[in-house]
Amino acid sequence: MKQTIVVKVTMNGDKSRSKALKIIVGLSGVESASLKGDDKSQIEVTGDGFDPVKLTSKLRKSVGHTELVSVSAVGGEKKDEKKAENKDEVKPAAYVWPYNQPLYVYQELPSYGYTQHHDPCSIM
């Protein structure tokens, strides 16, 4: 699922901006990153299959204070159409074991000639 997030990062100059962009683009699943806002302190990240929480924690460790502003999914309409198509399908209510046998079969072990005497214990 394609998603877009906006991250607010405290950056002190061009060097920290480029460092933040390198970290973001280096993550797997990120397709694009762009600066946003009047003071260029927000970064908009678009991609598929990346974790926003891991992204913010990496930025906090290397650049500075980072705040996750918004997370939105791109292309959510297609998902709704698929759900509407799948509602027509009939699903079984519960899973039934397809065989007439139990899952576990216990067998008695042979006695090998030993006998056990079970005498009731008496106090007197």
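# Helix packing, core and hairpin in a predicted model

Trainee: In which hand does α1 pass α2?
Mentor: This is a predicted model, and the two helices pack at an angle of about 145°, with their axes 10 Å apart. The contact is made by Lys-19, Ala-20, Ile-23 and Ile-24 of α1 together with Leu-55, Lys-58, Leu-59 and Ser-62 of α2. The crossing in which α1 passes α2 is right-handed.

Trainee: Which element gives the most residues to the largest nonpolar core?
Mentor: That core has 14 residues, and those with the most contacts inside it are Val-9, Ile-24, Ile-43, Val-45, Leu-55 and Leu-59. At least two residues come from each of β1, α1 (14-26), β3 and α2 (52-62). With 3 residues, the element that gives the most to this core is β1.

Trainee: Leaving aside neighbours within four places in sequence, which residues are in contact with Leu-55?
Mentor: Leu-55 is among the α2 residues that make the contact with α1, and it is also one of the residues with the most contacts inside the largest nonpolar core. With its neighbours within four places in sequence left aside, Leu-55 is in contact with Ile-5, Val-7, Ile-24, Leu-27 and Val-45.

Trainee: Why does Thr-4 count as buried rather than exposed?
Mentor: Thr-4 lies in strand β1, which spans residues 2-9, and, leaving aside its neighbours within four places in sequence, it is in contact with Glu-44, Val-45, Thr-46, Ser-70, Val-71, Ser-72 and Val-74. A residue is called buried when its relative accessible area is under 20%. Thr-4 is therefore buried, because its relative accessible area is 11%.

Trainee: Which residue of β3 is the bridge partner of Ser-34?
Mentor: Strand β2 (residues 30-36) and strand β3 (residues 42-48) pair in the antiparallel sense over 6 bridges. In the hairpin of these two strands, which has 5 residues between them, Gly-37 takes a positive phi near 95°. The partner of Ser-34 in β3 is Glu-44.

Trainee: What share of the contacts with a separation of 6 or more in the protein chain comes from residues 24 or more positions apart?
Mentor: The protein chain has 3 helices and 4 strands, and read along the sequence these follow the pattern β-α-β-β-α-β-α. For contacts with a separation of 6 or more, the share from residues 24 or more positions apart is 65%.

Trainee: What percentage of the 124 residues in the protein chain is buried?
Mentor: The accessible surface of the protein chain comes to about 10600 Å², and 53% of that surface belongs to carbon and sulfur atoms. Of the 124 residues, the buried ones make up 20%.

Technical notes:
Residues numbered from 1 in each chain as written. Predicted model: local features only at pLDDT ≥ 70, side-chain atom pairs only at ≥ 80, totals over all residues. Heavy atoms only, no water. Pairing = 2+ DSSP bridges. Buried < 20%, exposed > 50% of the residue type's maximum accessible area, 1.4 Å probe, protein only. Contact = heavy atoms within 4.5 Å. Core = buried A, V, L, I, M, F, W, Y, C linked by side-chain atoms within 4.5 Å. Areas by Shrake-Rupley, 256 points an atom, 1.4 Å probe, with all protein chains shown as cover. Axes fitted to C-alpha atoms, helices over the stretch in contact; angles between N-to-C directions. Left-handed = near helix turned anticlockwise from the far one by under 90°.
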